[in-house]
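Subject: Structure handover

Hello,

Here is the structure you are taking over, with the sequence alongside. Please look through it first; my notes on what was found in it follow below.

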Amino acid sequence: MSVEAARTLVAAARSIVVLTGAGISAESGVPTFRGAGGLWRQFRPEDLATPEAFENDPRLVWEWYDWRRGLIAEAKPNPGHQALVELERRAADFALVTQNVDGLHALAGSQAVLEIHGSLWRTRCGACGERRECREAKLAALPPLCSCGGLLRPDVVWFGESLSHELLLRSMEAVGACDLMLVVGTSGLVQPASSFADAVLAAGKPVVEVNLDPTPLSGRATMSLRGPSGELLPRLIA
């Protein structure tokens, strides 16, 4: 399918939902932390991003997240992020649901962002529950403590944890109301976000996928465009 045909769908849509994954951030140099290149100190991310790992060794977990924050602090939003900012400005109704925790959408200027997996740039206190922004690339003390004396943790969703009910509900409401969905830079394998596109298709609404490689969604999507999102998304809103 052509970019021109997809651009026609985007231009005609009144209510748009965008789902983004690691692919759009990878174009800004953000590592995916999966596979052989994702190893750190002989640990897999799946062994560190759990409540049990944090309970057993909070300093080790924070060292890993502090390292990640230092890497991601160098990343800048790319043209794909910027295109979504412009698309939000133009659309009558817009929601950006992201599986990414790097904060690049907000840094680019997107307003209607639902960070369903949390953010590396927030902390949450295990004692009082307070959430706060924490933009320092490197923390002064590990593990950090809350003003109440409680242990702070990254405000991200770990393996074995549930997504925020509020964010999930808002995402599902946006998906149910949209008349077009863009799926950008995600394999479509992670639930529950992977079911969003199917819900849109079942409602008879178009889904346009933008990805470097084929995914399980590719054969079902209304259109599936191959290439970097930093090149294709600006063309979709041109």
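**Salt bridges**

The count of salt bridges comes to twelve, taking a side-chain nitrogen of Lys or Arg within 4 Å of a carboxyl oxygen of Asp or Glu as the rule. Please keep in mind that this is a predicted model.

One of the salt bridges joins Asp-198 and Arg-220, with 3.0 Å between the closest N and O atoms. Asp-198 belongs to helix α9 (residues 196–202) and Arg-220 to the loop between β8 (207–211) and β9 (223–226), so this pair ties together parts that are 22 residues apart in sequence. Asp-198 is partly exposed, at 33% relative accessible area, and Arg-220 is also partly exposed, at 41%.

Another salt bridge is formed by the side chains of Glu-209 and Arg-226, at 3.8 Å from N to O. Here strand β8 supplies Glu-209 and strand β9 supplies Arg-226, and the pair links parts of the chain 17 residues apart. Glu-209 has a relative accessibility of 0% and counts as buried, because the cut-off for buried is under 20%. Arg-226, at 35%, counts as partly exposed.

Arg-153 and Glu-161 also form a salt bridge, their closest N and O atoms being 2.7 Å apart. Arg-153 is buried at 9% relative accessibility, whereas Glu-161 is partly exposed at 25%.

Salt bridges also link Glu-115, Arg-122, Arg-124, Arg-131 and Asp-155 in a network.

**The six-strand sheet**

In what order do the strands of the six-strand open sheet run? The order is β3-β2-β1-β7-β8-β9, and the pairing is parallel. β3 (113–115) and β9 stand at the edges with a single partner strand each, so one side of each has no neighbour in the sheet. On average, neighbouring strands of this sheet are turned by 15° against each other, direction ignored.

Within this sheet, strand β1 (residues 15–20) pairs with strand β2 (residues 93–98) in the parallel sense, over six bridges. Val-18 is found opposite Leu-96 in β2. Helix α1 (residues 3–12) lies across β1, β7 (180–184), β8 and β9, and runs at about 125° to β9.

**The three-strand sheet**

There is also an open sheet of three strands, in the order β5-β4-β6, with antiparallel pairing. Its edges are β5 (131–133) and β6 (152–156), each with a single partner strand, so one side of each is left without a neighbour in the sheet. The twist from one strand to the next averages 40°.

Strand β4 (residues 118–125) pairs with β6 in the antiparallel sense over five bridges, and Ser-119 stands opposite Asp-155 in β6. Helix α5 (residues 58–72) packs on this sheet and touches β4 and β6, its direction making about 140° with that of β4.

**Aromatic side chains**

How many aromatic pairs does a search of the whole structure find? It finds three. In one of them, the rings of Phe-54 and Trp-158 have centres 5.4 Å apart and planes at 45°, so the pair is tilted. Phe-54 lies in helix α4 (residues 51–56) and Trp-158 in the loop between β6 and α8 (165–177), so the pair ties together parts that are 104 residues apart in sequence. Phe-54 and Trp-158 are both buried.

Trp-158 also pairs with Tyr-65: the ring centres are 6.4 Å apart and the planes are at 45°, so this pair is tilted as well. Tyr-65 comes from helix α5 and Trp-158 from the loop between β6 and α8, 93 residues apart. Tyr-65 is buried, with a relative accessible area of 2%, and the value for Trp-158 is 3%. Phe-54, Trp-64, Tyr-65 and Trp-158 form one aromatic cluster.

**Charges over rings**

Which residue lies over the face of Trp-158? Arg-153 does, at 3.7 Å from the ring centre; Arg-153 is also the partner of Glu-161 in a salt bridge. Arg-135 lies over the face of Trp-121, at 4.4 Å from the ring centre.

Regards

Conventions: Residues numbered from 1 in each chain as written. Predicted model: local features only at pLDDT ≥ 70, side-chain atom pairs only at ≥ 80, totals over all residues. Heavy atoms only, no water. Buried < 20%, exposed > 50% of the residue type's maximum accessible area, 1.4 Å probe, protein only. Helix = DSSP H or I, 4+ residues; strand = E, 2+ residues; numbered from the N terminus. Pairing = 2+ DSSP bridges. Axes fitted to C-alpha atoms, helices over the stretch in contact; angles between N-to-C directions. Contact = heavy atoms within 4.5 Å. Phe/Tyr/Trp six-rings, centres within 6.5 Å; stacked < 30°, edge-to-face > 60°. Lys NZ or Arg CZ within 6 Å of the ring centre and 35° of its normal.
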